[in-house]
Amino acid sequence: MKIFIFCISFLIFTFCSNNLLSQSSEENVNSELIILKETKKNALKVSLLSPLLEHLEISYERVLYPQGNLELSIGFIGFGNFKHETRTIENQTTGSRKVPVVNEGLFFRGGYKYFFKHPLAKKSGKSYRFLNGLYLQPELTIGSYEVNKFNPVIDPNSGLRTNTTITLDKIKYQALLLQLGWQRVLLKHFLIDCSFGIGIGNDNVPRWTSNYLLYVGEFHRGLYKVNGGITPAAYGAIKLGYAF
């Protein structure tokens, strides 16, 4: 009789436990769905350094799932009044004038952010954020722009420069980088994103031919390379953005 009572009690306990576990799992699923629905999963960002470096970079980030985000960026090279690298050329007819070295162009970059630590940050029991944390980001960059090539015209009789002609060179570059970064949402909507990456880049710029000690590499407005052709490349940014 005692064994029978024990078995009945055990069955009742198992049944109740299963019901409680199923209810708990359903509550967890519903809670996660609510969190996914209510959390901010998008961000628009602007690189703070880009206007100082002759381009304007704008990024869009989208949460795919808690530890993985997709980020896409577009860069406007020589955008608006951000052109600052100029060269003064002399002309006997029109006089001297300043001409920008870099003309207009575009670059695109896209990457996948993997957060080391689960980026859910709980605040006041309600606010969960998927845009926080330390992350690794493999990224592909593709860009092109035009540069003004200055060609002096020499008078064959006097041997003096009489004019300067300008031709356009088309620069194309690509790079595969691995970035390490940190991102944080502030005041519910505003965020800061700091990152630095290194990798391999390629371009159609000739390699060093002379004065190599004075040469500081190829700066492609959104990417730095140590030389022309296939070489190591680097990128860094501090971005401010708005999460929504």
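Visitor: Does Lys225 count as buried or exposed, and at what relative accessibility?

Guide: Buried means under 20% relative accessible area, exposed over 50%, and partly exposed in between (1.4 Å probe, protein chains only). Lys225 has 0% relative accessibility, so this residue counts as buried. This is a predicted model: local features need pLDDT of at least 70, side-chain atom pairs count only at pLDDT 80 or more, and totals for chains, interfaces and linings use all residues. Residues are numbered from 1 along each chain as its sequence is written, and side-chain values use heavy atoms, with hydrogens and water left out.

Visitor: With which side chain does the side chain of Lys225 make a polar contact?

Guide: A polar contact is a pair of N or O atoms within 3.5 Å; within protein, one must be able to donate a hydrogen and the other to accept it, and residues adjacent in sequence count only if both atoms are side-chain atoms. Here the partner is the side chain of Asp203, at 3.1 Å from that of Lys225. A polar atom of the Lys225 side chain also lies 2.8 Å from the backbone oxygen of Gly229. Lys225 itself sits in strand S11, residues 224-225.

Visitor: How many helices and strands are there in the chain?

Guide: Both are DSSP runs, numbered from the N terminus: helices are H or I, at least four residues, and strands are E, at least two. The chain has 1 helix and 12 strands. Of the 244 residues, 34% count as buried.

Visitor: In which sense do S1 and S2 pair?

Guide: Two strands pair if DSSP finds at least two bridges between them. S1 and S2 (residues 55-65) run antiparallel, over 5 bridges. Asn42 has Arg62 in S2 as its bridge partner. Arg62 in turn bridges to Leu70 in S3. S2 and S3 (residues 68-77) are antiparallel too, over 10 bridges. A hairpin of 2 residues joins S2 to S3.

Visitor: Which residues does Ser47 touch?

Guide: Contact means heavy atoms within 4.5 Å. Leaving out residues up to four places away in sequence, Ser47 touches Glu57, Ala237, Ile238 and Lys239. Ser47 lies in S1, residues 42-47. At 4% relative accessibility, Ser47 counts as buried.

Visitor: Which residues of the largest nonpolar core touch the most other members?

Guide: A nonpolar core is a set of buried Ala, Val, Leu, Ile, Met, Phe, Trp, Tyr and Cys residues joined through side-chain atoms within 4.5 Å. The largest one here has 17 residues, and Ile77, Val102, Tyr145, Tyr173, Leu177 and Leu223 touch the most other members. S6, S7, S8 and S12 each supply at least two residues of this core. S8 gives the largest share, 4 residues. Another core lies apart from it, with 7 residues, including Ala43, Val63, Leu131 and Leu191.

Visitor: How many aromatic pairs does the count come to?

Guide: Rings of Phe, Tyr and Trp (its six-membered ring) pair if their centres lie within 6.5 Å; planes under 30 degrees apart count as stacked, over 60 as edge-to-face and the rest as tilted. The count is 4. One of them is Phe115 with Tyr135, edge-to-face, at 5.8 Å centre to centre and 65° between the planes. Phe115 lies in S6 and Tyr135 in S7, so the pair ties together parts 20 residues apart in sequence. Phe115 is buried at 0%, and Tyr135 is buried at 0%. Tyr145 and Tyr173 have ring centres 6.1 Å apart and planes at 65°, so this pair is edge-to-face. Tyr145 in S7 and Tyr173 in S8 are 28 residues apart, and their pair links distant parts of the chain.
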